[in-house]
Amino acid sequence: MSTTATTETKPAAPAIEKIKVKVDGRELEVPRLTADWSGKPVPTTMIQACELAKVEVPHYCYHPKLPVAGNCRMCLVEFGTPALGPDRKPILNPDGTPKVMKSPRPAIACATPISPGMEIYTNTPGVKQMREGVLEFLLINHPLDCPICDQAGECKLQEYSVDYGQSASRFVEPKVHKPKAVDLGPRIVLDDERCILCTRCIRFTKDIAGDDALGIVNRGSYNTLTAYPGKVFDNNYTLNTVDICPVGALTSKDFRFQMRVWFLKETKSICTSCATGCNIIVGSREEKVYRYTPRENNAVNACWMCDYGRLNYKWIGREDRLKEVLVRDVGQASSLSPSKEKSETVKMPVLRKTTWTAALSEIAEKLKNAPHGSVAIIASARQTNEELWLLKKLADKSGAMTDSVGRFGEGDKLLLNADRNPNKTGARLIGICQASVGIKLRPIFEFIRAGKIKTLIVFGEDVTKNGIDAELLGKLDTLIVSDILPNATTKQAHYLLPGCAHVEKRGTFTNTKGRVQKFMKAVEAPGDARPEWEFLHDLVYHVTGQDGFLTIEGLFNEMAKDVSAFNGLTWASLGDTGATVPI
Ligand code: SF4
Ligand code: SF4
Ligand code: FES
């Protein structure tokens, strides 16, 4: 078995220097250096050592992917270091162990580096009292909004108040009231009263998104988060601030008041809106998608995703989704053709409902009897690796030309790729398209015009937008189309096979850097729509006799053996964050 694929992108690192520390009495070895938010090596901090020891240190302003600010004080801990004598040598206990001197002052764990022999105490009465004090202070001006706050269920102020706070407040003075429901930008609403001034949103926007748009104005209790005067908060990454805001101060206009988060089913998935393939969580309830949020994958998107990809899900629930398997009986007048007159000249009959079994066996029969070279396949780079591989099997059997359709927009330096297809790399590695995607479309259209290609299979693309008009499609003997939404090509189909959105099936995509990543099913497909890999498997079996991969796991493993770039991969080895293959 080849081992060309790897689960890590980085080459083997040099030996890591470790130092011994104790967390709540338990000794462990911790790397002396870790990567900071920008990937630069910096001394490991107490909070990171505690995380390695699996000891929770509550925190608000600290975020592993942002510069450290150290302003909330929620992470205060007590600590001690080995005592040194006047000769700068360690003072020893009677049993020969180094004597540890407890510091008279606490330290913020997020910004304090560890040192050899350090002891960190996170559960002393002093630490408990400090946490209660910080929470009491943060809640002084915080409104009692929880029952109507969209953050309820994922609010760190609620959670830490329960875990580390006091049940009663001693504050009897009137609270400071700050602006509520501030329209910060096209996608964000700010409730300043809820803001605990952790500055996570400011640091993300400035240091990660490169947009110095947010800041804090006024002093003391009147500190207020705001956008730069006269400007709106509008870049392609604004909704990440909603994810990292530990309280309900920043909310998404798209998601707020739509669904309580504890009702959402969370499914691991991939964004399909560009070739980066950001890892996401799909939040759904009762077969409806409510939101996408980023899922951490340091090989792809760290903890972030762009607003464009995040909000590109509404089409999944569209009313006009294709839900029926349809076939066109030659010889009847069409109600779907562009015009009655034209329908008569191209003999366009009506579409009628049929079953998957009947449609697939008819298509299989036609493909088996099609003369070699009379079939062409236009696949979509929005399809999964498995689906493209099955289409390649059909193409190989019938000597079909294949290609895919390019889809481009503007990219940026952070995540958004100019290639808006999620799987052009997979389509190329599998052999469906060339590096310059779409190069064979014109020859395919010319062969249709010349009457050489008589059967066209189109998956997930409206080819009328790519240089083939309805009249040319009318010259085909058989047009087999699978899609999710209606378009000018589906209207011309002889066989119309309703497919699934990626959230309705399982599979893998290969991103622009060769990361093969799997995604899971979140919701059921509407009507008779079926995952394309399922019915393509049936079709390949009928046409080629090749069988043995009835599950997505089996299918992926079979494909990985067959496609050299994927050799060595298995469905299981992909894990949650994928594996990188040479491209
Ligand atoms: S809005 Fe949220 S993330 Fe921004 S400073 Fe306030 S609490 Fe922190
Ligand atoms: S960068 Fe691309 S993959 Fe990531 S969220 Fe945006 S559109 Fe989706
Ligand atoms: S998390 Fe350490 S000071 Fe805020």
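Predicted model: local features only at pLDDT ≥ 70, side-chain atom pairs only at ≥ 80, totals over all residues.
View 1. How many residues surround ligand 1? There are 13 of them, and the closest are Cys195, Cys198, Thr199, Cys201 and Cys245. Sorted by class, the shell around ligand 1 holds eleven nonpolar residues, one polar residue and one charged residue.

**View 2. Strands E11 and E12 form a hairpin**. Here you can follow strand E11, residues 214–217, alongside strand E12, residues 224–227. The two strands pair in the antiparallel sense, with four bridges between them. To find one of these pairings, look for Gly215: its bridge partner in E12 is Thr226. Six residues lie between the strands of this hairpin, and Asn218 takes a positive phi near 70 degrees.

**View 3. A look into the second largest pocket**. Which residues lie nearest its centre? They are Glu154, Val242, Asp243, Ile244 and Pro294, which belong to a lining of 39 residues.

**View 4. The lining of the second largest pocket, sorted by class**. Staying with this pocket, you can now look at what kinds of residues line it. The lining has 19 nonpolar residues, 13 charged residues and seven polar residues. To see where empty space is left, one rolls a probe the size of a water molecule over the atoms.

Technical notes
Residues numbered from 1 in each chain as written. Chains lettered and ligands numbered in written order. Heavy atoms only, no water. Near = heavy atom within 4 Å. Nonpolar A, V, L, I, M, F, W, Y, C, P; charged D, E, K, R; others polar. Pairing = 2+ DSSP bridges. 1 Å grid on protein atoms, 1.4 Å probe; cavity = no way out; pocket = protein on both sides within 12 Å on 5 of 7 lines; lining within 4 Å. Points joined across faces, edges and corners; volume = space filled by probe spheres on them.
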